[in-house]
Amino acid sequence: MTTTDAATGISSNEIQTNSPKSSKQPQADGNPAGVCAFGSVNSFLSNATGHDARCVSSFDGFVHRCMYRPVDGAALGVARALFGLAMLIDIPEERGGGDLDLRWGEPRDCRFPLIHSMEPPTLPKMGLVYGLMWLGAAGIMVGYRFRISAAIFTGTYWYVFLLDKSAWNNHSYLYGLLGTIFLFTDAHRCWSIDAWQNPPEDQTVPFWNYFILKFQFFVLYFVAGLKKLCREWLSGYAMTNLSYHWVFAPFRALLGPMLTDLLIVHWFGCIFDTTVVFFLVYGPTRKLATLFACAFHLMNSRLFHIGMFPWVCLSQLPLYYSFSWPRRLLPFSNGSEEPSSNDHTEQDNWLREEKSVKRKKRSRKWTMMAMLAYCSLQCFLPYSHFLTKGYNNWTNGLYGYSWDMMVHAWDTIMIGIRVVDRHDPERMHYVEPFAFVDNDRWTKHADMAVQFARCIERNIQQEASKLPTPQRPASAIDAPATSNVSIYFDIWCSMNGRFQQRIFDPNVDILRAPWSPFEPVQWVLPLLHQFSGLRDTLIRRQTDEVLSWSNHSDVLFIADFPGLTLRNYVGEDLYNVSLTVLQGTVRYEASPDEDVAKSSEILHTGQSASLPAGAFHAIETIGGEPSCYMYTYVNRTKEQEAIRNGSEVKSHPAMLPLVDEFLHRWENFVRFLQHVGNSLLYEVYGVPMPRRLKELVADG
């Protein structure tokens with residue numbers, strides 16, 4: 001009788017076969033010490049992985065004895081069903097299916113496809129794409145026509161993914177990878193409609209079906225941990241003030257908020273990501289690692305709005321246990337489907353068969369070479385940024401495939417978009433930053449900035465083509481407009497608590513700026529590292545001092561490059577506004593109007609100036625070195641609101657708003673079905689498709 005060890009996920013006869021006493025083991029040249037060492041290694045591999053040293057002694061052994069060893073497909077079938085269920089929930093929610101009309105319905109909205117020539121289809125066709133994606137996920141979950149369902153889901157998912165880089169994140173990239181992996185596995189051989197309609201001879205799958213999934217999660221955790229082994233993360237700059245969330249209350253009571261942020265959020269997060277898979281693979285530590293992994297992902301589900309990511313990770317944890325664990329939980333199961341005979345012995349016999357299996361052996365080797373190439377690609381991509389230099393800015397590469405999760409925290413305070421008429425440079429207009437987009441991801445990446453500028457130009461041309469001008473008769477309205485504008489971006493960002501500074505050169509016309517995926521972007525301004533060390537000293541000290549003035553006082557830290565000028569406006573609801581130079585030299589000019597200059601004043605390190613409310617001013621960095629300075633102010637509006645509300649107690653959000661979350665997801669799902677149904681009616685019968693307006697949704 002075959003039994004399965006729950007701690008290691010292998011059958012008892014496999015352990016016996018893999019023990020050092022098994023026959024036909026490679027010899028160590030008659031050296032007793034070598035035999036002893038080999039036996040120790042073999043015993044460790046047997047207990048830790050279920051394989052012996054012969055599995056890695058040659059490529060044939062790796063392919064036929066290890067990767068193609070038949071194992072029970074029960075656990076893989078459960079992982080497939082849970083992944084499909086997670087995608088059914090994810091598509092109407094984080095993929096935007098519930099807001100299909102808002103995300104894809106406005107033709108003037110700007111898109112950021114990876115391939116710049118890609119254009120999204122019309123809203124009705126996009127609704128059909130999402131409908132196919134959802135049906136593919138449903139087919140994956142129930143295992144109905146599995147190959148076709150997985151292919152439909154994977155194809156439509158990657159298509160939507162590639163259409164908009166601004167929506168990328170690491171877990172959306174992970175979902176596409178998992179869908180692709182499941183497509184090539186035999187995950188439908190167990191717990192599926194396919195297996196019920198056409199029962200296979202057995203419900204075993206090659207071991208590599210499990211290996212590739214576990215390897216993908218190894219890359220997810222381990223590379224994320226390696227990316228956290230940097231000063232930014234280990235010094236606690238990335239996730240500040242996270243300790244004030246209720247999930248950290250026990251740690252905060254013991255360590256205080258600052259140490260909780262540093263030791264629990266940053267240090268433990270790094271250690272967890274780097275080591276958890278090793279502890280999951282090793283039998284004696286597996287249960288404890290599972291407990292930590294469950295706590296980690298459940299906490300993340302409360303801390304961040306990351307959709308189904310924690311649940312997808314939780315659903316794959318059982319892969320590290322017995323291949324047959326679901327059968328023990330289901331009383332109607334047919335019992336263990338672990339191969340009843342010695343698996344490795346069967347593989348040895350198979351290797352001795354005649355030419356009838358040579359073609360199958362060759363096919364297996366090619367499959368394993370493709371799998372190893374995929375594994376190598378996954379290890380290479382997170383560090384491939386030395387090739388794709390055009391996507392680098394203050395960080396390396398696009399956010400999505402690098403696994404640098406939460407390492408960089410951005411704060412954007414100002415987005416200036418200036419459109420200048422090239423024929424009359426005195427004519428200029430400013431574009432509202434969120435007029436054509438629903439997020440500011442483009443402000444951090446040069447490639448998306450170029451795409452956004454071209455989108456603005458396209459919208460200007462389309463609007464201009466509808467208006468007759470003296471030089472353009474009404475009969476020529478449909479003629480294409482020429483490119484006669486320049487577009488400049490003045491964007492101020494802070495990364496990981498640094499000074500706010502420009503990320504793009506504000507004097508470069510983005511429409512004519514050079515950009516290549518493989519060349520560094522010259523108009524991306526460098527991060528001012530010389531001021532990074534002030535975060536722990538000057539910035540923290542000054543922030544604590546200013547915030548102690550009142551509940552409504554605040555401070556803003558600015559750094560700028562020589563020769564550049566910040567033009568700013570002080571709102572009328574602010575008072576006691578002052579400018580203090582921390583390093584460098586600046587020229588300060590105050591004016592009642594942005595275009596009317598007044599007398600200027602030179603300010604050196606340590607000097608200050610009072611700023612009038614309701615007026616423009618300009619601050620130019622002079623000299624050969626960058627400058628840094630700070631604004632301090634008090635917000636009168638918030639102060640008056642506090643006085644007016646008096647003793648009103650602030651309402652705190654619920655700790656576990658599970659009912660609200662369920663209702664929100666249900667509303668998204670209902671809207672998603674309506675959008676898909678309306679898309680189908682439009683494509684088949686031409687019924688007009690209703691669409692909400694972003695402005696009305698934003699206003700509630």
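**View 1. An open sheet of 4 strands.** In this predicted model, 4 strands line up as S6-S5-S7-S8 in an open sheet with antiparallel pairing; strands are DSSP runs of E with at least two residues, helices are runs of H or I with at least four, and both are numbered from the N terminus. Two strands count as paired if DSSP finds at least two bridges between them. At the edges sit S6 (428–430) and S8 (501–502), each pairing on one side only.

**View 2. Where S5 meets S6.** Strand S5 (residues 410–421) runs antiparallel to S6, and 3 bridges join them. Look for Arg418, which stands opposite Tyr430 in S6.

**View 3. The largest cavity.** Here you can see about 90 Å³ of space. A cavity is a set of points on a 1 Å grid over the protein atoms alone where a 1.4 Å probe fits but cannot get out, and lining residues have an atom within 4 Å of a point. Grid points are joined across faces, edges and corners, and the volume is the space filled by probe spheres set on the points. Among the lining residues are Glu94, Arg103, Tyr157 and Trp168. Helix H7 (residues 146–163) gives the most to this lining, with 3 residues.

**View 4. The second largest cavity.** This one has a volume of about 30 Å³. Its lining is made by Arg498, Phe499, Gln501, Leu528, Phe531, Ser532 and Ala559.

**Notes.** Residues are numbered from 1 along each chain as its sequence is written. Local features need pLDDT of at least 70, side-chain atom pairs count only at pLDDT 80 or more, totals for chains, interfaces and linings use all residues, and side-chain values use heavy atoms, leaving out hydrogens and water.

Key
On a 1 Å grid over the protein atoms alone, a cavity is a set of points where a 1.4 Å probe fits but cannot get out, and a pocket is an open set with protein on both sides within 12 Å along at least five of seven lines; lining residues have an atom within 4 Å of a point.
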